[in-house]
Amino acid sequence: MVATLAHRVSCPGCGQLVTLLDGAKAGDLIECCGRRYRLTFEYGAFAAEVL
């Protein structure tokens with residue numbers, strides 16, 4: 001059995017949890033509910049902010 005760490009972030013628009021791809025990093029763009037958000041990483045956690 002193998003386990004991997006999956007980072008998730010809440011969409012600022014709708015609150016849905018979005019699972020990030022392996023290798024995601026601060027500054028990457030994600031899309032949810034028809035909008036684009038930029039990932040930030042602070043205090044050991046990802047967040048999505050409106051562009």
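## Asp28 and its salt bridge

Asp28 is partly exposed, at 22% relative accessible area (buried means under 20%, exposed over 50%, and partly exposed in between, using a 1.4 Å probe and protein chains only). Asp28 pairs up with Lys25 in a salt bridge, with 3.3 Å between the closest N and O atoms. For that label, a side-chain nitrogen of Lys or Arg has to sit within 4 Å of a carboxyl oxygen of Asp or Glu.

This is a predicted model, where local features need pLDDT of at least 70 and side-chain atom pairs count only at pLDDT 80 or more, while totals for chains, interfaces and linings use all residues. Residues are numbered from 1 along each chain as its sequence is written, and side-chain values use heavy atoms, with hydrogens and water left out.

## Glu31 and Arg36

The structure has two salt bridges. One of them links Glu31 to Arg36, whose closest N and O atoms are 3.5 Å apart. Glu31 is exposed, with 56% relative accessible area, and Arg36 is partly exposed at 48%. As a rule, oppositely charged side chains can pair when their charged atoms come close.

## The cysteines

How many disulfides does the search of the whole structure find? It finds zero, a disulfide being a pair of cysteine sulfur atoms within 2.5 Å. For Cys11, the nearest cysteine sulfur belongs to Cys33 and lies 3.5 Å away, and Cys11 is in no disulfide. Cys11 counts as buried, at 5% relative accessibility.

Cys32 is in no disulfide either, and its nearest cysteine sulfur, that of Cys11, is 3.7 Å away. With 9% relative accessibility, Cys32 counts as buried.
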